[in-house]
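Here's a fold to walk through, one question at a time. Take a look at the sequence and the model, then follow along.

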Amino acid sequence: MDTPTTPRPVSDAQATSPRVAAKPHSAIVPIREIGARYREQIARHLLALGEHDRYLRFGYAANDRQIRHYVDQLDFERDHIFGIFNRKLELIAMAHLAYPADMVQAGFAEFGVSVAHHARGRGYGSRLFERAAIHAVNDGVKTLYIHALSENTAMLRIARQAGATVERQGSESEAHLTLPAATFASHMGELFADQVGQVDYWLKTEAVRARDVLATVQEVREAVREGRHKSNS
């Protein structure tokens, strides 16, 4: 999925999802909003996608140069990027909540997501959609759009499960979800999600540092042992 074109007027049939601000899932997935300093990690994540995954994500077979251009053009002041990191602090899934200039005045935003191949089947796409949607709710967005290829069944399934109306137009589909008004619960839900994401990232950062220290200590021990062995030979 790429930056959308000007959307058609939304029909009266579009759905309002009560699940956007619903209670969290029993399995909490830490999600962290990320800024411009993660631009290179975003690029590595997207460049690691296979040819078919790039086609589904952007709607065309994006090459490395086009992906780099997309990443370079990300506006972290206007849009919001949410990421899921593994224990090595590698970005394994990300969502882009976009506010294109031709949509924002009407209260529209667009959602795009990508998940690393080895991290599929864990519900990360759905969790990222929920995280982006609750931010959109609190940001006053009225309608959330998803533009996807009709063969992108995983993305369209996420939209339908959230209660979105999906309209197929040949090889492309458009899903639109009317968002509820922000509430105290939605604001508290996002605050909780932010805290979980921050704490999780901090813990993983400390774990990485601890592993690096242990690795350095081990290297020093090996060097000392090797030095003793040579001195005794």
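Q: How many helices and strands does the secondary structure of the chain come to?
A: Keep in mind that this is a predicted model. Counting up its secondary structure, the chain has seven helices and eight strands.

Q: What percentage of the contacts with a separation of 6 or more comes from residues 24 or more positions apart?
A: Start with the contacts in the chain at a separation of 6 or more, then keep those between residues 24 or more positions apart. That leaves 70%.

Q: Which residues of helix α1 are buried?
A: Helix α1 covers residues 39-47. Its cover comes from several elements, including β2 (32-34), α2, α3, β3, β4 and β5. The buried ones are Gln41, Ile42, Ala43, His45 and Leu46.

Q: How are α1 and α3 oriented to each other: roughly parallel or roughly antiparallel?
A: Their axes come within 10 Å and cross at roughly 150°. Angles over 145 degrees fall in one named class, and therefore α1 and α3 are roughly antiparallel.

Q: Is the crossing of α1 past α3 left-handed or right-handed?
A: On the α1 side, the contact uses Arg39, Glu40, Ile42, Ala43, Leu46 and Leu47, and on the α3 side Asp64, Ile67, Arg68, Tyr70, Val71 and Asp72. Those residues split into seven nonpolar, no polar and five charged. As for the hand, α1 passes α3 in a crossing that is right-handed.

Q: Why do α2 and α3 count as oblique to each other?
A: Helix α2 (residues 51-58) packs on helix α3 (residues 64-72) with the axes 12 Å apart and an angle of about 40°. Angles under 35 degrees would be roughly parallel and 65 to 115 roughly perpendicular. The α2 and α3 pair is therefore oblique.

Q: Which residues of α2 meet α3?
A: The crossing of α2 past α3 is left-handed. On the α3 side, the partners are Asp64, Ile67 and Tyr70. The contact of α2 with α3 divides into three nonpolar, no polar and three charged residues. From α2, the residues are Arg54, Arg57 and Phe58.

Q: Which residue takes a positive phi just after α2?
A: Within α2, the buried residues are Asp53, Arg54, Leu56, Arg57 and Phe58. Their cover includes α1, α3, β4, β5 and β6 (143-149). Just past the helix, a positive phi of about 85° belongs to glycine 59.

Q: Is aspartate 64 exposed, partly exposed or buried?
A: Aspartate 64 sits in helix α3, and it touches Leu47 and Arg54, leaving aside residues up to four places away in sequence. Buried would need under 20% and exposed over 50%. Because its relative accessibility is 44%, aspartate 64 is partly exposed.

Q: How far apart in space are aspartate 64 and alanine 43?
A: Along the sequence, aspartate 64 and alanine 43 are 21 residues apart. From C-alpha to C-alpha, they are separated by 9.3 Å.

Q: How many residues of strand β4 are buried?
A: Strand β4 runs over residues 91-98 and is mostly covered. The buried count is eight of eight.

Q: Which residue in β4 stands opposite glycine 83?
A: Strand β3 (residues 80-85) pairs with β4 in the antiparallel sense over six bridges. Facing glycine 83 is methionine 94.

Q: What is the bridge partner of leucine 97 in β5?
A: β4 also pairs with strand β5 (residues 108-115), in the antiparallel sense and over six bridges. The partner of leucine 97 there is phenylalanine 111.

Q: Which glycine takes a positive phi in the hairpin of β7 and β8?
A: Strands β7 (residues 165-169) and β8 (residues 172-178) pair in the antiparallel sense over five bridges. One of the bridges joins valine 166 to alanine 175. Two residues lie between the strands, and the one with a positive phi near 70° is glycine 170.

Key:
Residues numbered from 1 in each chain as written. Predicted model: local features only at pLDDT ≥ 70, side-chain atom pairs only at ≥ 80, totals over all residues. Heavy atoms only, no water. Buried < 20%, exposed > 50% of the residue type's maximum accessible area, 1.4 Å probe, protein only. Helix = DSSP H or I, 4+ residues; strand = E, 2+ residues; numbered from the N terminus. Pairing = 2+ DSSP bridges. Axes fitted to C-alpha atoms, helices over the stretch in contact; angles between N-to-C directions. Left-handed = near helix turned anticlockwise from the far one by under 90°. Contact = heavy atoms within 4.5 Å. Nonpolar A, V, L, I, M, F, W, Y, C, P; charged D, E, K, R; others polar.
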